[in-house]
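Good morning, and thank you for coming. I would like to take a few minutes to walk through one structure with you.

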Amino acid sequence: MSNKNKNIVETAIEIASTYHHDMYDKYGNPYFEHLERVADRVRDMEYEMVDETSEINLYVATAYLHDVIEDTPMWIGEVKNLFGEDVTLAVDLLTRENEETYADYVGKIKRAKGLSGKIARVVKMADLLDHLMGPTPCPPHLIKRYEKSLYTLMGRL
Ligand SMILES: [Mn+2]
């Protein structure tokens, strides 16, 4: 684990806590708590899903940043300046466009190539698990969609 990559996690925490400041989930909890739980899940998944040559900190940094383009004024060019190409491509994959159906969005993540594709799949699975099994109840109408998305992504680990 290089120092350079150790720093990107610290930078990602700073960026996420700054940009998601004053945002709350539908239950009134600070949004940053969701990002921390997703990052913790990704750390837990390290030995199961991230091969030993991978840099776990690229995955953890992406976990903190996974909603920053979709939900805040953060610009993707700034993500690239701070975090480099692999994290930027992964965050871009994790950003759902307005006109994109949820199935198309998950399908795009499933098919994505390279390290950024793998990072996006691991982070999205951790995100879905937090929605389904985290401390805040999943709205019933979303349970099937999230379960189906999880199975879709499990098809390509
Ligand atoms: Mn999320």
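This is a predicted model: local features need pLDDT of at least 70, side-chain atom pairs count only at pLDDT 80 or more; totals for chains, interfaces and linings use all residues.

The protein has eight helices and zero strands. The chain has 157 residues, and 46% of them count as buried. If we take the contacts between residues at least 6 apart in sequence, 68% of them join residues at least 24 apart.

Let us now look at the metal site. Which residues of the protein are donors of the manganese ion? They are His34 and His66, each through NE2, together with Asp67 and Asp127, each through OD. These donors lie 2.2 to 2.5 Å from the ion. Along the sequence, their spacing reads H-x31-H-D-x59-D. His34 belongs to helix α2, residues 31-49, while Asp67 sits in the loop between α3 (56-65) and α4 (68-71), so this pair ties together parts that are 33 residues apart in sequence.

Is His34 buried or exposed? With a relative accessible area of 7%, His34 is buried, because buried means under 20%. Asp67 is buried as well. Setting aside neighbours within four places in sequence, His34 is in contact with His66, Asp67 and Asp127, and also with Asp130 and His131.

Helix α3 deserves a brief word of its own. How many residues of α3 are buried? Ten of the ten are, so the helix is largely enclosed by the rest of the structure. Among them are Ile56, Leu58, Val60 and Leu65, along with Asn57, Tyr59 and Tyr64.

I move on to the way helices pack against one another. Two packed helices are described by the angle between their axes and the distance between the axes.

Consider helix α5, residues 76-94, and helix α7, residues 114-133. Their axes are 8 Å apart, and the angle between them is about 50°. The two helices are therefore oblique to each other. On the α5 side, the contact is made by Asp86, Leu89, Ala90, Leu93 and Leu94. On the α7 side, the contributors include Leu115, Ile119, Ala120 and Val123. The crossing of α5 past α7 is right-handed.

The second pair is α5 with α6. Here the angle is about 155° and the axes are 9 Å apart. That makes α5 and α6 roughly antiparallel, because angles over 145 degrees count as such. Asp92, Leu93 and Leu94 of α5 form this contact with Tyr105, Lys108 and Ile109 of α6.

From α6, Tyr102, Val106, Ile109 and Lys110 meet a group in α8 made up of Arg145, Tyr146, Ser149, Thr152 and Leu153.

What covers the buried residues of α6? The cover includes α5, α7 and α8. The buried residues of α6 are Tyr102, Tyr105, Val106, Gly107 and Ile109.

Finally, I would like to set two loop residues side by side. Met74 is placed in the loop between α4 and α5. Its relative accessible area is 4%, and Met74 is therefore buried. Not counting residues up to four places away in sequence, Met74 touches Ile15, Tyr19, Val68, Ile69, Val79 and Leu82. Met74 and His20 are 54 residues apart in sequence, and their C-alpha atoms are 9.8 Å apart in space.

Asp22 is found in the loop between α1 (3-19) and α2. Why does Asp22 count as exposed? Its relative accessibility is 56%, and exposed means over 50%. Most residues other than glycine have a negative phi. Phi of Asp22, however, is near 70°, a positive value.

To close, I would ask you to remember the manganese ion with its donors His34, His66, Asp67 and Asp127, and the eight helices of this protein. Thank you for your attention.

Methods:
Residues are numbered from 1 along each chain as its sequence is written. Side-chain values use heavy atoms; hydrogens and water are left out. Helices (H or I, at least four residues) and strands (E, at least two) are DSSP runs, numbered from the N terminus. Buried means under 20% relative accessible area, exposed over 50%, partly exposed in between (1.4 Å probe, protein chains only). Contact means heavy atoms within 4.5 Å. Donors are N, O and S atoms within 2.8 Å of the metal (3.2 Å for Na, K and Ca); water is not among the atoms, so sites may look incomplete. Axes are lines fitted to C-alpha atoms, for helices over the stretch in contact, and angles run from 0 to 180 degrees between N-to-C directions. Angles under 35 degrees count as roughly parallel, over 145 as roughly antiparallel, 65 to 115 as roughly perpendicular and the rest as oblique. A crossing is left-handed if the near helix is turned anticlockwise from the far one by less than a right angle, and right-handed if clockwise.
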